[in-house]
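Open the model in your viewer and keep the selection tool at hand.

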Amino acid sequence: MRGLLLVLVVTIVLVLLNFLLPALINPYLFQILILCGINVILAVSLNLVNGFTGQFSIGHAGFMAIGGYTSAALTYYLGPHVLGKAASIGLSPAIVGTSFFVLSVVVGGLASAVAGFLVGLPSLRLRGDYLAIVTLGFGEIIRVIILNVNAVGGARGFADIPRYTNLFWVSFFAFVTILVVRNITTSTHGRAFISVREDEIAAEALGINTTHYKVLAFAIGAFFAGVAGGLFGHYLMYLHTNSFTFMKSFEVVIMVVLGGMGSITGSVIAAGFLTILPEALRPVKEFRMVIYASLLIFLMIARPQGLLGMRELSLQTFRSLPFRPGKKRTEGAQSG
Amino acid sequence: MQEFLQQLVNGITWGSIYALIALGYTMVYGILRLINFAHGDVYMVGAFAAYFAARLVGAPGPVSLIGAVLVLLIAMGSCALLGVAIERGAYKPLRKSPRLTALITAIGVSLLLENLGIIVFGPDPKFFPQIVTSRQMELVSGVVVGRHQIIVLAVSVLLMLLLQLIVLKTKIGKAMRAVSFNKQAASLMGISTDNVITFTFAIGSALAAAAGVLVALSNPKIDPLMGIMPGIKAFVAAVLGGIGNIPGAMLGGLIMGIAEVMVVGYVSSTYRDAIAFALLIVILLVKPTGLLGTGMAEKV
């Protein structure tokens, strides 16, 4: 009961914030907040692949692109029909529109998950740097293919995507991502992911189906990257393949490593920090990226294991959440 | 046939440039197991160093042969210094940290060089002076080869031969091979691994600079972000041939250059960037260690 109450309170607060914040802070700050949330989803989902399963992937931007373009195409091409149908039988367009948006984001995520499954397959033969470079290649191939699809704008970019993303949906999906990754990695079952990272051969010898877990990690990671892409497109109302180059993948990898491989809270903090930092450095103009890069090098030399290493920041409140691992009732309650 | 031959000539020229950059990646990877993402930006710095050196020797006016060679040497020398500085400043403190950390640092160094380049050289493209006048000559009927292409090919082959000579015949080359085989054992045998690593960075960066100068010669537009894509592709070329393997890097570079030019010529220029990676994925799936790579036994 207490848990449900907490979820209810958090939801109400988020809905209120969603409506109040745009009035209180300027649109620029609000946008940074939204981007923070999207980056949290990206970093935490990549951490499942890179940090917990030890499969080095640097193609996250590709998955983000697939999800972004799929869901944007759905709301752009199918959305008006759905809304028209709904209006003819007297349903509220706001509610139907929002539900269709959420559905399209999830479908985008599923499309990415399928791609993640395909990209995960080479991980059965390749490891380490070779896998990294193959994922990078996949990401770039996805980008170039999208660049050649005229239905989604090709080189001109995909414009006029309806804006549905707001603070509520971003934080909702960020919450779900954190919850899923946390529950996977702390459950007895999910220990298999970590065993693959620690020693694949030993894990195999213990009877763990490493193939299954590696591909699963890729698919889940890609799913949430796709969701992040969907949110991204429906916020900016415009998508261009230039947003999904390998530099974007690097950005996410940097968040994961800086936060600490294998620390979810670390990824969250690093995602926030690395989203805000370049913006905070704007007053120094052209030296902005130089300072950003130097700071990155300095941080890596000073703290090679990342800000949090493998630890999690645990507040007492975190403990009282209803979704503690090991309790049976957590299983079905994820829809929150 | 004639068109195919022409494409082949262009492909080989591009390929030799990829090969020169790939050599730096493969040598550093062979010794440190580090993907030095900043390598593509060293290539960019090489082109800019040559741009300023060309002014010193009298460009945009006519430049003598000695002047042109001087430009190349100045670019190579300053990039060798840059490579040593990067290694000492950024990578050496991380020798004992996890490899991923070093990788992120490499990305950081790459970002740093690009943005310093934007500040120092300005964000707009600059036009590299024509220090060697271009001239076309006919090879076989209808197949045209430019003087620039011949220079690119000649200089890169010369440098590759020189590198093979250094690696296979000199004492420091022997030390490099030893360190790449087993760093710890090499240091127990009295090899100063730090010096060998520094030397590797110097050579690799000098080769990248040479590639930068050669590119600037035939494509005279240079800008601070020009190193990103060729850098990544040269790395892919190194992986394609079998990373850590010097002949492999040359082969990978050639395949990459030819494949790319063919795709632009016969398919569509928009798929130019995808073909490299598609090729890579196919080859890695068939032979996970690259074309000339040797497999390593799995430790159980």
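Select B:K233 and B:D273: their side chains form a salt bridge, with the closest N and O atoms 2.8 Å apart. A salt bridge here is a side-chain nitrogen of Lys or Arg within 4 Å of a carboxyl oxygen of Asp or Glu. The two residues lie 40 residues apart and link distant parts of the chain, B:K233 in helix α9 (residues 228-241) of chain B and B:D273 in helix α11 (residues 272-286) of chain B. B:K233 is buried, at 2% relative accessible area. Buried means under 20% relative accessible area, exposed over 50%, and partly exposed in between (1.4 Å probe, protein chains only). Helices (H or I, at least four residues) and strands (E, at least two) are DSSP runs, numbered from the N terminus.

This is a predicted model: local features need pLDDT of at least 70, side-chain atom pairs count only at pLDDT 80 or more, and totals for chains, interfaces and linings use all residues. Residues are numbered from 1 along each chain as its sequence is written, chains are lettered from A and ligands numbered from 1 in the order in which they are written, and side-chain values use heavy atoms, with hydrogens and water left out.

Stay with helix α11 of chain B and pick B:R272. It forms a salt bridge with B:E260, again with closest N and O atoms 2.8 Å apart. B:E260 sits in helix α10 (residues 246-266) of chain B, twelve residues from B:R272. Buried or exposed: what is B:E260? B:E260 is buried, with a relative accessible area of 3%. B:R272 is partly exposed, at 29%.

Next, select B:E87, B:R88, B:K92, B:R95 and B:D194. Salt bridges link these residues in a network.

Move to chain A and show A:E140 with A:R143. Their side chains meet in a salt bridge at 3.2 Å, N to O. Both belong to helix α5 (residues 128-147) of chain A; they are three residues apart, so about one helical turn separates them. A:E140 and A:R143 are both buried. Over all chains the salt-bridge count is twelve.

Axes are lines fitted to C-alpha atoms, for helices over the stretch in contact, and angles run from 0 to 180 degrees between N-to-C directions.

Show helix α2 (residues 39-56) and helix α8 (residues 193-218) of chain B. Their axes come within 7 Å and cross at roughly 55°. That makes α2(B) oblique to α8(B); angles under 35 degrees count as roughly parallel, over 145 as roughly antiparallel, 65 to 115 as roughly perpendicular and the rest as oblique. The crossing is right-handed, meaning that the near helix is turned clockwise from the far one by less than a right angle. Contact means heavy atoms within 4.5 Å. The residues in contact include B:G46 and B:A50 of α2(B), and B:A208 and B:G212 of α8(B).

In chain A, show helix α3 (residues 60-88) and helix α9 (residues 210-236). They pack at about 50°, with axes 6 Å apart. α3(A) and α9(A) cross in a right-handed sense. Among the residues that meet are A:G67 and A:S71 in α3(A), and A:A225 and A:G229 in α9(A).

Back in chain B, pick B:T26 in helix α1 (residues 2-32). B:T26 is buried, at 1% relative accessible area. Its contacts include B:A238, B:G242 and B:A249.

Last stop: cysteines. A:C36 is buried at 11%, and B:C79 is buried at 0%. With a disulfide taken as a pair of cysteine sulfur atoms within 2.5 Å, the count over all chains is zero.

Note on methods
Lists of a residue's contacts leave out its neighbours within four places in sequence.
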